[in-house]
Amino acid sequence: AAPLHAGAADLTRIRAEHAATIDGTVRDRFLPMSDELAQVTARLRVVEATAEAHKAAAEDAGRARTLRAEAEAAETLALERLVWRQHEGELRAQLAAARKEEGQVRDLAVGLKAMGSTNQAL
């Protein structure tokens, strides 16, 4: 029974050494790759975050351009309204002056007609 037990112990020892060798090889070979992969993944996340920030900035810039264009259009419209109101005021003043002149001419005509009637009566 002793040689069998010794063989089993040797087998266990060989398996342990083999497992340690495999673990060491895996660790030596794949751990640096794992670290490199982690670094690449971290850089990729930074690139993705930067891309998202650039995309958001571009969208913000687009919205800002749109808002500027809308503000300029509103300002132009307000100026046009101001010009039209001034023009409307000028036209109303001219109309009022024309009506006043028309009234004066009518009064003068009535006066002249009255004078003509008076002259005929004489």
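**Entry 1: surface patch**

I took patches as groups of residues with over 30% relative accessible area and no salt bridge, like charges being joined within 9 Å and nonpolar side chains (Val, Leu, Ile, Met, Phe, Trp, Tyr) within 5 Å. The model is predicted: local features need pLDDT of at least 70, side-chain atom pairs count only at pLDDT 80 or more, and totals for chains, interfaces and linings use all residues. Residues are numbered from 1 along each chain as its sequence is written, and side-chain values use heavy atoms, with hydrogens and water left out.

I looked up the nonpolar patch and found L108, L112 and M115 on the surface, with about 320 Å² of accessible area together. Accessible areas come from the Shrake-Rupley method with a 1.4 Å probe, and for residues only the protein chains shown count as cover. M115 has a relative accessible area of 51% and is exposed (exposed is over 50%, buried under 20%, partly exposed in between, with a 1.4 Å probe and protein chains only). I placed M115 in helix α1, residues 2-121.

**Entry 2: whole chain**

I noted 1 helix and 0 strands for the chain. Helices (H or I, at least four residues) and strands (E, at least two) are DSSP runs, numbered from the N terminus. Of the 122 residues in the chain, 1% are buried. I recorded an accessible surface of about 10900 Å² for the chain, with 62% of it belonging to carbon and sulfur atoms.

**Entry 3: salt bridges**

Side chains of opposite charge can pair when their charged atoms come close. I counted a salt bridge where a side-chain nitrogen of Lys or Arg lies within 4 Å of a carboxyl oxygen of Asp or Glu. The count by this rule is 3.

- D60 pairs with R63, with the closest N and O atoms 2.4 Å apart. The two residues are 3 apart in helix α1, so about one helical turn separates them. I have D60 as partly exposed at 41% relative accessibility, and R63 as partly exposed at 47%.
- E88 and R92 form a salt bridge at 3.1 Å, N to O. Both lie in helix α1, 4 residues apart, about one turn of the helix. E88 is partly exposed at 38% relative accessibility, whereas R92 is exposed at 56%.
- E102 and R106 form a salt bridge at 3.0 Å, N to O. They are 4 residues apart in helix α1, so about one helical turn lies between them. For E102 I noted a relative accessible area of 42%, which makes E102 partly exposed.
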